Amino acid sequence: IKDILFAMQSVRFPFCIICLSRFEKLGRFIPHEEARDRGEMTICDTWEVAVAFGREHPIVFNSHQWLGWTVADPKNVHFPAMVEAA
């Protein structure tokens, strides 16, 4: 039980957040590194930072599976579906 409670209040990987309007303007998935370098992404490294961010900004969680070996969404299939779902 302690392990489950800990897992519910921790992040094992950075929590990467991008504003929906910025995401839509991209028109496609871009690498996290590119989004970070362009200042488009907020990265929360701890649970506490993610919770604090969420208190100030509504968050919609999305995840996707890569459809290509070198490009996440080579035919731009998942990107428009994620925009529509948001």
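Trainee: Which residues is F23 in contact with, leaving aside its neighbours within four places in sequence?
Mentor: I18, F29, F79, M82 and V83. Contact here means heavy atoms within 4.5 Å. Keep in mind that this is a predicted model, where local features need pLDDT of at least 70, side-chain atom pairs count only at pLDDT 80 or more, and totals for chains, interfaces and linings use all residues. Residues are numbered from 1 along each chain as its sequence is written, and side-chain values use heavy atoms, with hydrogens and water left out.

Trainee: And which residues make up the largest nonpolar core?
Mentor: Five of them: F23, F29, A72, F79 and M82. A nonpolar core is a set of buried Ala, Val, Leu, Ile, Met, Phe, Trp, Tyr and Cys residues joined through side-chain atoms within 4.5 Å. Buried means under 20% relative accessible area, exposed over 50%, and partly exposed in between (1.4 Å probe, protein chains only).

Trainee: New topic: how many disulfides are there?
Mentor: Zero, counting a disulfide as a pair of cysteine sulfur atoms within 2.5 Å. For C19, the nearest cysteine sulfur belongs to C44 and is 14 Å away.

Trainee: Is C44 buried or exposed?
Mentor: Buried, at 1% relative accessibility. C19 is partly exposed, at 41%.

Trainee: Last one: what is phi of N76 near?
Mentor: Near 55°, a positive value in a residue other than glycine. N76 is partly exposed, with a relative accessible area of 31%.
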